Amino acid sequence: MTDQKNSLLLAIESSCDETSVALIQNGQKILSNIVASQVKSHQRFGGVVPEVASRHHVEQITLVSRLALEEAQVTVDEIDAIAVTQGPGLVGALLVGLTAAKTLSLVWQKPLIAVNHLAGHIYATQLQTPLKFPLLALIVSGGHTELVYMAQDGSYEIIGETHDDAVGEAYDKVGRLLDLPYPAGKYLDELAQEGEETYEIPRAMIQEDNLDFSFSGMKSSVMNTVHNAQQRGEIIRSADLATSFQRAVVDVLVTKTRKAFEEYQVQQFLIVGGVAANSGIRQGMKKLISEEFPEVDLLIPPLSLCGDNAAMIGAAGHYLYTKKDFQNLGINAHPGLFLDA
Ligand code: KG4
Ligand code: ZN
């Protein structure tokens, strides 16, 4: 085995609706990253159906693992450890990846590393640029909205979080109301680029003296606007409504991020998770940094690494490997796993 500084990890991610396996060197270099998305299967239900997700993971995991090994062109002997998402996520979905990882760990006699999915989203950034601490990460995904302060590798302090809906969840629900396909975030973002801000959407919690968020009221405000218009027989200007919603969301995120920068001095600011693809958030944060905090480096992973994938699990797993933070085969999936546990 190579020394503890170098690692070649086989990483597995199956927490929601992507089955993914990757081979990652030293937490930085992607040798392969195969992602099988189930989006089409869930589209007709307008959301992820947990049982359907688990079944797809079972069908895909062996094939995806084989493809990842073939593409990376590595032999089993060269692999140092198996890294896998332990949580948070859907329990049935997590169990498929975890069982595959335990099996490979046992059969190949390799250590097992349990990775937090949200740590994975943060470390996705490291696949492009080395992390410099202290840093601030904004995690924005379908299930999470969190501001995380990291003083060093592997240390997570949640300094702000949503009290209700995650940003991606609010986007998906508003998008569904406007008849956009699932997952609607991307389509709502596109629509928002065509409209004008003509509807009034409240900026929830923006004035409060904390770093927390609330998106459910903003989502309800859009819903009320649509229902009231329908009752009056008025036509909704979808693009304008999308723009108004997006401006409100960006305003809140930028305001709370500014407040976080005032309280925490950091070298880097990371925007990660599926919603990091959002054009309004990207523009708003770029403006904030260039005008008010030019000393901070803004890092956003490429779109392919913003969504769920196993490369990010391999990236986060490397640090645990260097610490020899290994698990036994008795570990279980942890659907509500905390980042700062
Ligand atoms: O991180 P991710 O792939 O899965 C979770 O762990 O949740 O995030 C998926 C979420 C979905 O809610 C999707 O609608 C949203 O990211 N999303 C977007 C955009 N692209 C994806 N939301 C807003 N604007 C986008 N451009
Ligand atoms: Zn995710």
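Search the whole structure and you get 14 salt bridges, a salt bridge being a side-chain nitrogen of Lys or Arg within 4 Å of a carboxyl oxygen of Asp or Glu. Before you click around: this is a predicted model, where local features need pLDDT of at least 70 and side-chain atom pairs count only at pLDDT 80 or more, while totals for chains, interfaces and linings use all residues. Residues are numbered from 1 along each chain as its sequence is written, chains are lettered from A and ligands numbered from 1 in the order in which they are written, and side-chain values use heavy atoms, with hydrogens and water left out.

**First stop: salt bridges**

Select Lys132 and Asp297, whose closest N and O atoms are 3.8 Å apart. Lys132 sits in the loop between α4 and β6 (135-140) and Asp297 in strand β10 (residues 297-299), so this pair ties together parts that are 165 residues apart in sequence. (Helices, H or I with at least four residues, and strands, E with at least two, are DSSP runs numbered from the N terminus.) Lys132 is partly exposed at 40% relative accessible area, and so is Asp297 at 35%; buried means under 20%, exposed over 50%, and partly exposed in between, with a 1.4 Å probe and protein chains only.

Now pick Glu292 and Arg258, with 2.8 Å between the closest N and O atoms of their salt bridge. Glu292 belongs to helix α9 (residues 279-292) and Arg258 to helix α8 (residues 238-263), so the pair links parts 34 residues apart in sequence.

For a network of salt bridges, select Asp165, Glu169, Lys173 and Lys219 together.

**Next: the zinc ion**

Which residues hold ligand 2, the zinc ion, as protein donors? Show His117 (NE2), His121 (NE2) and Asp308 (OD), which lie 2.0 to 2.2 Å from the zinc ion. Donors here are N, O and S atoms within 2.8 Å of the metal (3.2 Å for Na, K and Ca); water is not among the atoms, so sites may look incomplete. In sequence, the spacing reads H-x3-H-x186-D. His117 is in helix α4 (residues 117-123) and Asp308 in the loop between α10 (303-306) and α11 (311-322), so these two tie together parts 191 residues apart in sequence. His117 is buried at 7% relative accessible area, and Asp308 is buried too, at 16%.

**Last: the surface**

Finish at Leu106, Val107 and Leu329, a nonpolar surface patch with about 270 Å² of accessible area together. Areas come from the Shrake-Rupley method with a 1.4 Å probe, and for residues only the protein chains shown count as cover. Patches take residues with over 30% relative accessible area and no salt bridge, joining like charges within 9 Å and nonpolar side chains (Val, Leu, Ile, Met, Phe, Trp, Tyr) within 5 Å. Leu106 is in helix α3 (residues 91-108).
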